[in-house]
Amino acid sequence: MATPRDWATGYLEQGREDLAALRRLDASTPSTAAMLLQMVFEKLAKSAMLKLGSPLPAVQRSHHVASRLVAVFASNPILLEALDEEDGESWAEVLPLVLELEAAHPAPPVDPVNPKKRLPRPAGTPVLEYPWEDAKTGDIRWPARDLPIAQRFADPAGVELARLVKFAMSLSRKHASLFP
Amino acid sequence: MTENRKSLEEVARLLADSHRKANPNTVGVWLAPDSDGREIRLVEVSQTAPYTGEVLPVRFPPKGDIVFPTVVVLLNRRELAEVDAGELPLPDGWAPRESWRAL
């Protein structure tokens with residue numbers, strides 16, 4: 001029977017596979033880059049949470065685990081120091097972007113009071129991967145054209161895509177030492 | 001041809017200014033020359049970029065006033081030192097550090 005640690009290995013390795021695909025993309029497909037980044041952070045976070053002892057069913061069910069990992073980092077200076085090595089503050093810089101990607105996952109968050117239910121998402125909320133209906137106009141919108149973070153990723157004057165990819169690479173590289 | 005190269009560098013300076021403004025922890029931006037003069041190749045070093053031991057080019061198609069394709073390589077200081085020491089390879093076809101121009 002597979003252990004949570006076995007699952008943690010699976011999530012980590014699949015997250016690294018997603019990251020490898022991301023390396024071959026560019027900003028000409030920004031919504032796909034955003035989707036892959038969300039997938040990378042979700043899987044790296046699931047692996048970490050399992051190593052830290054979170055129950056497997058809860059980790060498997062949720063697509064909103066990256067925010068829990070963020071909370072772990074925020075409350076653990078030793079982990080933060082190990083993550084940032086000599087430079088520091090890299091996590092603090094990209095934290096809002098990781099949370100923005102997570103919030104755009106198409107599945108609404110699990111209700112923390114009743115984990116078998118999901119919280120309602122306001123109509124017209126932009127999401128990764130699928131079209132949505134604009135709550136005011138009724139127009140159909142889709143991530144490649146309308147998702148705010150994807151639009152910013154496509155802008156060569158912006159720096160968010162390069163910084164997030166760099167951070168994902170760093171988290172993948174240090175994962176085993178941060179979460180043995 | 002000369003006019004084209006000048007335009008590329010002007011656009012590169014605009015991008016460098018935007019990136020510095022977006023990331024105040026940027027400590028250096030260089031233009032790595034493209035021998036064909038077709039794309040902007042920026043090497044940027046940030047105090048807060050994490051170490052990855054890799055050089056990953058992030059590519060952008062032209063958009064708006066940025067009329068050239070752009071490639072950005074984000075490094076931290078340790079990685080730049082490794083590039084200088086020849087320990088970390090640049091993307092294929094990229095000119096060596098000696099020919100970079102600070103922006």
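Two strands are said to pair if DSSP finds at least two bridges between them. Keep that in mind as we walk through this predicted model, where local features need pLDDT of at least 70, side-chain atom pairs count only at pLDDT 80 or more, and totals for chains, interfaces and linings use all residues. Residues are numbered from 1 along each chain as its sequence is written, chains are lettered from A and ligands numbered from 1 in the order in which they are written, and side-chain values use heavy atoms, with hydrogens and water left out.

Let us begin with chain A. Chain A contains 9 helices and 2 strands; here helices (H or I, at least four residues) and strands (E, at least two) are DSSP runs, numbered from the N terminus. Along the sequence their order is α-α-α-α-α-α-β-β-α-α-α. The radius of gyration of chain A is 17 Å, close to the 16 Å that the globule rule gives for 180 residues, so chain A is as compact as a globular protein of that length. This radius is taken over C-alpha atoms, and the globule rule is 2.2 Å times the number of residues to the power 0.38. The C-alpha trace of chain A spans about 50 × 40 × 30 Å along its principal axes. Of its 180 residues, 46% count as buried, a word that stands for under 20% relative accessible area, with exposed over 50% and partly exposed in between (1.4 Å probe, protein chains only).

Now turn to chain B. You will find 2 helices and 5 strands in chain B, and from the N terminus on they run α-β-β-β-β-α-β. With 103 residues, a compact globule would have a radius of gyration near 13 Å, and the 13 Å of chain B agrees. Its C-alpha atoms fill a box of roughly 35 × 30 × 20 Å along the principal axes.

Strand 4 of chain B deserves a careful look.

Which strands pair with strand 4 of chain B? One is strand 2 of chain B (residues 40–46), which pairs with strand 4 in the parallel sense over 6 bridges. Here B:I40 stands opposite B:T70. Another is strand 3 of chain B (residues 57–60), which runs antiparallel to strand 4 and is joined to it by 4 bridges. In this pair, B:R59 stands opposite B:V71.

Finally, follow B:T70 across to chain A, where A:P156 is waiting. Leaving aside its neighbours within four places in sequence, A:P156 is in contact (heavy atoms within 4.5 Å) with B:L15, B:H19, B:F60, B:P61, B:K63, B:I66 and B:T70. Where in chain A is A:P156 found? It is in the loop between helix 8 (148–153) and helix 9 (160–178). Is A:P156 buried or exposed? At 0% relative accessibility, A:P156 counts as buried. Within its own chain, A:P156 is 129 residues from A:A27 in sequence, yet their C-alpha atoms are 8.2 Å apart in space.
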